[in-house]
Amino acid sequence: MKILLAEDEPALAGALKKILENAGHFADAVGDGQTALDYAEGFDYDLIILDVMLPRVDGLEVVRTLRSRGESAPVLMLTARSAVPDKVAGLNAGADDYMTKPFDVHELLARVNAMTRRVGDVILNELRCADLVLNLDAAELDCGSESVQLSRRELEVARMLLANPRMTFTKEAFIVNIWGIDSEATDNNVEAYISFLRKKLKYLNSRVSIRNIQKVGYRLEIAE
(Lines give C-alpha, C1' and ligand atoms only; values in the text may rest on other atoms or scores of the structure.)
Protein backbone atom coordinates (compact mmCIF):
# COMPACT_ATOMS: atom_id res chain seq x y z
CA MET A 1 0.00 0.00 0.00
CA LYS A 2 1.04 3.56 -0.68
CA ILE A 3 0.93 5.67 2.48
CA LEU A 4 1.46 9.38 3.08
CA LEU A 5 2.95 10.08 6.53
CA ALA A 6 2.91 13.65 7.89
CA GLU A 7 4.89 13.95 11.13
CA ASP A 8 7.11 16.86 12.18
CA GLU A 9 9.18 15.00 14.80
CA PRO A 10 12.15 13.72 12.74
CA ALA A 11 12.98 10.73 14.93
CA LEU A 12 9.37 9.53 15.06
CA ALA A 13 8.83 10.13 11.34
CA GLY A 14 11.92 8.10 10.48
CA ALA A 15 10.91 5.27 12.79
CA LEU A 16 7.34 5.14 11.48
CA LYS A 17 8.50 5.18 7.86
CA LYS A 18 10.83 2.24 8.53
CA ILE A 19 8.10 0.32 10.38
CA LEU A 20 5.62 0.81 7.55
CA GLU A 21 8.11 -0.17 4.85
CA ASN A 22 9.25 -3.24 6.80
CA ALA A 23 5.58 -4.24 6.83
CA GLY A 24 5.53 -4.12 3.02
CA HIS A 25 4.11 -0.66 2.43
CA PHE A 26 5.56 2.28 0.49
CA ALA A 27 5.63 5.45 2.60
CA ASP A 28 6.23 9.08 1.65
CA ALA A 29 7.21 11.13 4.73
CA VAL A 30 6.66 14.90 4.99
CA GLY A 31 7.18 17.28 7.89
CA ASP A 32 4.39 19.85 7.57
CA GLY A 33 0.73 20.15 6.64
CA GLN A 34 1.13 22.18 3.46
CA THR A 35 3.56 19.66 1.98
CA ALA A 36 1.13 16.89 2.91
CA LEU A 37 -1.60 18.67 0.96
CA ASP A 38 0.73 19.11 -2.02
CA TYR A 39 1.68 15.42 -2.02
CA ALA A 40 -1.94 14.30 -1.64
CA GLU A 41 -2.91 16.46 -4.61
CA GLY A 42 -0.06 15.16 -6.74
CA PHE A 43 -0.87 11.46 -6.58
CA ASP A 44 -3.06 8.80 -5.04
CA TYR A 45 -2.52 7.28 -1.59
CA ASP A 46 -4.25 4.29 -0.04
CA LEU A 47 -3.88 5.75 3.48
CA ILE A 48 -2.87 9.06 5.04
CA ILE A 49 -1.36 9.25 8.54
CA LEU A 50 -1.41 12.74 10.04
CA ASP A 51 -0.04 14.25 13.21
CA VAL A 52 -2.44 16.87 14.57
CA MET A 53 0.19 19.44 15.57
CA LEU A 54 1.83 20.03 12.18
CA PRO A 55 3.59 23.29 11.22
CA ARG A 56 2.26 25.56 8.44
CA VAL A 57 -1.13 23.80 8.28
CA ASP A 58 -2.31 21.74 11.25
CA GLY A 59 -3.60 18.21 10.87
CA LEU A 60 -7.25 19.07 11.41
CA GLU A 61 -7.17 21.67 8.64
CA VAL A 62 -5.34 19.22 6.38
CA VAL A 63 -8.16 16.69 6.82
CA ARG A 64 -10.84 19.31 6.18
CA THR A 65 -9.09 20.44 3.02
CA LEU A 66 -8.60 16.89 1.78
CA ARG A 67 -12.26 16.07 2.26
CA SER A 68 -13.36 19.32 0.61
CA ARG A 69 -11.30 18.29 -2.42
CA GLY A 70 -13.09 14.96 -2.54
CA GLU A 71 -10.12 12.93 -1.23
CA SER A 72 -11.54 9.59 -0.07
CA ALA A 73 -8.38 7.87 1.25
CA PRO A 74 -8.77 6.82 4.90
CA VAL A 75 -7.03 9.12 7.39
CA LEU A 76 -5.44 8.01 10.66
CA MET A 77 -4.61 10.86 13.03
CA LEU A 78 -1.78 10.75 15.58
CA THR A 79 -1.62 13.13 18.52
CA ALA A 80 -0.35 13.62 22.05
CA ARG A 81 -3.78 14.87 23.00
CA SER A 82 -5.94 12.27 24.68
CA ALA A 83 -8.98 14.36 25.64
CA VAL A 84 -12.26 13.14 24.15
CA PRO A 85 -13.15 16.56 22.62
CA ASP A 86 -9.88 16.52 20.67
CA LYS A 87 -10.62 13.07 19.30
CA VAL A 88 -14.15 14.12 18.38
CA ALA A 89 -12.77 17.19 16.59
CA GLY A 90 -10.46 14.99 14.54
CA LEU A 91 -13.19 12.57 13.57
CA ASN A 92 -15.61 15.40 12.78
CA ALA A 93 -12.99 16.99 10.55
CA GLY A 94 -13.05 13.85 8.40
CA ALA A 95 -10.53 11.46 9.96
CA ASP A 96 -11.39 7.75 10.04
CA ASP A 97 -9.39 6.73 13.11
CA TYR A 98 -7.38 8.27 15.95
CA MET A 99 -4.35 7.13 17.95
CA THR A 100 -2.81 8.83 20.97
CA LYS A 101 0.97 9.02 21.44
CA PRO A 102 2.76 7.05 22.69
CA PHE A 103 1.23 4.03 20.97
CA ASP A 104 2.10 0.39 20.47
CA VAL A 105 3.63 -0.39 17.07
CA HIS A 106 1.66 -3.61 16.72
CA GLU A 107 -1.59 -1.73 17.31
CA LEU A 108 -0.60 0.87 14.71
CA LEU A 109 0.05 -1.79 12.08
CA ALA A 110 -3.18 -3.57 12.96
CA ARG A 111 -5.12 -0.35 12.43
CA VAL A 112 -3.30 0.39 9.18
CA ASN A 113 -4.12 -3.09 7.90
CA ALA A 114 -7.75 -2.78 8.96
CA MET A 115 -8.15 0.60 7.28
CA THR A 116 -6.42 -0.33 4.02
CA ARG A 117 -8.33 -3.60 3.83
CA ARG A 118 -11.42 -1.53 3.10
CA VAL A 119 -9.91 -0.31 -0.16
CA GLY A 120 -8.29 -3.61 -1.17
CA ASP A 121 -5.09 -4.77 0.48
CA VAL A 122 -2.89 -5.29 -2.57
CA ILE A 123 0.88 -4.88 -2.24
CA LEU A 124 2.70 -4.72 -5.57
CA ASN A 125 6.19 -6.10 -6.01
CA GLU A 126 6.89 -4.19 -9.21
CA LEU A 127 6.41 -0.72 -10.67
CA ARG A 128 6.04 0.08 -14.36
CA CYS A 129 6.60 3.24 -16.38
CA ALA A 130 6.63 3.18 -20.20
CA ASP A 131 9.21 0.51 -21.16
CA LEU A 132 10.66 0.19 -17.63
CA VAL A 133 9.84 -2.40 -14.97
CA LEU A 134 11.22 -2.02 -11.45
CA ASN A 135 11.26 -5.34 -9.61
CA LEU A 136 11.18 -4.40 -5.92
CA ASP A 137 11.89 -7.90 -4.61
CA ALA A 138 14.92 -8.52 -6.85
CA ALA A 139 16.09 -4.87 -6.89
CA GLU A 140 16.30 -5.02 -10.68
CA LEU A 141 15.43 -2.49 -13.35
CA ASP A 142 14.29 -4.12 -16.60
CA CYS A 143 13.79 -2.74 -20.10
CA GLY A 144 12.89 -5.27 -22.77
CA SER A 145 15.39 -8.12 -22.58
CA GLU A 146 17.97 -6.07 -20.68
CA SER A 147 18.20 -5.68 -16.89
CA VAL A 148 20.47 -4.06 -14.34
CA GLN A 149 20.93 -4.67 -10.63
CA LEU A 150 20.31 -1.75 -8.29
CA SER A 151 21.90 -0.93 -4.96
CA ARG A 152 19.60 -0.29 -1.99
CA ARG A 153 19.80 3.50 -2.40
CA GLU A 154 19.34 3.29 -6.17
CA LEU A 155 16.28 1.13 -5.61
CA GLU A 156 14.75 3.66 -3.21
CA VAL A 157 15.36 6.58 -5.58
CA ALA A 158 13.94 4.61 -8.50
CA ARG A 159 10.94 3.53 -6.43
CA MET A 160 10.06 7.12 -5.52
CA LEU A 161 10.27 8.23 -9.14
CA LEU A 162 8.42 5.30 -10.72
CA ALA A 163 5.71 5.22 -8.05
CA ASN A 164 4.98 8.89 -8.72
CA PRO A 165 5.91 9.51 -12.38
CA ARG A 166 4.03 12.80 -12.61
CA MET A 167 5.67 14.39 -9.59
CA THR A 168 8.77 16.55 -9.32
CA PHE A 169 10.79 15.65 -6.22
CA THR A 170 13.04 18.11 -4.46
CA LYS A 171 16.41 16.95 -3.20
CA GLU A 172 15.08 17.46 0.31
CA ALA A 173 12.22 15.04 -0.41
CA PHE A 174 14.71 12.35 -1.49
CA ILE A 175 16.81 12.92 1.64
CA VAL A 176 13.81 12.76 4.00
CA ASN A 177 12.29 9.65 2.43
CA ILE A 178 15.48 7.66 1.76
CA TRP A 179 18.13 8.74 4.25
CA GLY A 180 15.79 10.07 6.98
CA ILE A 181 14.85 13.50 8.28
CA ASP A 182 17.66 13.57 10.87
CA SER A 183 20.37 12.08 8.62
CA GLU A 184 23.56 13.85 7.58
CA ALA A 185 22.91 13.25 3.89
CA THR A 186 23.28 16.28 1.60
CA ASP A 187 22.25 17.34 -1.89
CA ASN A 188 25.45 15.73 -3.15
CA ASN A 189 24.20 12.31 -2.06
CA VAL A 190 21.02 12.77 -4.07
CA GLU A 191 22.92 14.02 -7.12
CA ALA A 192 25.23 11.02 -6.99
CA TYR A 193 22.42 8.45 -7.00
CA ILE A 194 20.50 10.32 -9.69
CA SER A 195 23.70 10.13 -11.78
CA PHE A 196 24.03 6.39 -11.12
CA LEU A 197 20.43 5.79 -12.23
CA ARG A 198 20.83 7.92 -15.34
CA LYS A 199 23.78 5.81 -16.43
CA LYS A 200 21.77 2.63 -15.94
CA LEU A 201 18.80 4.04 -17.87
CA LYS A 202 21.17 4.94 -20.70
CA TYR A 203 22.63 1.42 -20.65
CA LEU A 204 19.12 -0.03 -20.86
CA ASN A 205 18.33 2.32 -23.77
CA SER A 206 15.04 3.17 -22.08
CA ARG A 207 12.61 5.81 -23.28
CA VAL A 208 12.48 6.98 -19.67
CA SER A 209 14.97 9.54 -18.42
CA ILE A 210 15.38 11.64 -15.29
CA ARG A 211 14.90 15.32 -15.97
CA ASN A 212 16.43 18.06 -13.83
CA ILE A 213 13.89 20.84 -13.22
CA GLN A 214 16.12 23.85 -12.53
CA LYS A 215 15.95 25.02 -8.89
CA VAL A 216 13.06 22.60 -8.22
CA GLY A 217 14.14 18.96 -8.40
CA TYR A 218 13.86 15.83 -10.50
CA ARG A 219 11.09 14.04 -12.33
CA LEU A 220 10.70 11.33 -14.95
CA GLU A 221 10.43 12.18 -18.62
CA ILE A 222 9.27 9.77 -21.35
CA ALA A 223 10.49 10.16 -24.93
CA GLU A 224 7.94 9.60 -27.67
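Which residues in α7 meet which residues in α8? In this predicted model, K171, F174, I175 and W179 in α7 meet D187, N189, V190, E191, Y193 and I194 in α8.

**Helix packing**

- Helix α7, which covers residues 171–179, packs against helix α8, which covers residues 187–204, at an angle of about 90° and with the axes 9 Å apart.
- Since angles from 65 to 115 degrees count as roughly perpendicular, α7 and α8 are therefore described as roughly perpendicular to each other.
- Sorted by class, the contact of α7 with α8 has 6 nonpolar, 1 polar and 3 charged residues.

**Aromatic pairs**

- A search of the whole structure finds 4 aromatic pairs, and one of them joins Y193 and F196, whose ring centres are 5.3 Å apart and whose planes stand at 85°, so the pair is edge-to-face.
- Both Y193 and F196 belong to helix α8, where they are 3 residues apart, about one turn of the helix.
- Y193 is also among the α8 residues that meet α7, while F196 is partly exposed, with a relative accessible area of 35%.

**The parallel sheet**

- An open sheet is formed by 5 strands in the order β2-β1-β3-β4-β5, and the pairing is parallel.
- The edges are held by β2 (26–30) and β5 (97–100), each of which has a single partner strand, so one side of each is left without a neighbour in the sheet.
- On average, and with direction ignored, neighbouring strands of this sheet are turned by 20° against each other.
- Within the sheet, strand β1 (residues 2–6) pairs with strand β3 (residues 47–51) in the parallel sense over 4 bridges, and in this pairing I3 stands opposite L47 in β3.

**Antiparallel strands and their hairpins**

- Strand β7 (residues 132–135) pairs with strand β8 (residues 140–143) in the antiparallel sense over 4 bridges, with V133 standing opposite D142 in β8.
- The hairpin of β7 and β8 has 4 residues between the strands, and A139 takes a positive phi near 55° there.
- β8 also pairs with strand β9 (residues 146–149), again in the antiparallel sense and over 4 bridges, and here E140 stands opposite Q149 in β9.
- In the hairpin of β8 and β9, with 2 residues between the strands, the residue that takes a positive phi, near 60°, is G144.

**Positive phi in two loops**

- Most residues other than glycine have a negative phi, which gives the context for the next two residues.
- N205, a residue other than glycine, has a positive phi near 60°; N205 is found in the loop between α8 and β10 (208–213).
- Because a relative accessible area over 50% counts as exposed, N205 falls in that class at 65% relative accessibility.
- K215 is not a glycine either, yet has a positive phi of about 65°, and its place is in the loop between β10 and β11 (217–222).
- K215 is likewise exposed, with a relative accessible area of 83%.

Terms used
Residues are numbered from 1 along each chain as its sequence is written. This is a predicted model: local features need pLDDT of at least 70, side-chain atom pairs count only at pLDDT 80 or more; totals for chains, interfaces and linings use all residues. Side-chain values use heavy atoms; hydrogens and water are left out. Two strands pair if DSSP finds at least two bridges between them. Axes are lines fitted to C-alpha atoms, for helices over the stretch in contact, and angles run from 0 to 180 degrees between N-to-C directions. Angles under 35 degrees count as roughly parallel, over 145 as roughly antiparallel, 65 to 115 as roughly perpendicular and the rest as oblique. Contact means heavy atoms within 4.5 Å. Ala, Val, Leu, Ile, Met, Phe, Trp, Tyr, Cys and Pro count as nonpolar, Asp, Glu, Lys and Arg as charged, and the others, Gly among them, as polar. Rings of Phe, Tyr and Trp (its six-membered ring) pair if their centres lie within 6.5 Å; planes under 30 degrees apart count as stacked, over 60 as edge-to-face and the rest as tilted. Buried means under 20% relative accessible area, exposed over 50%, partly exposed in between (1.4 Å probe, protein chains only).
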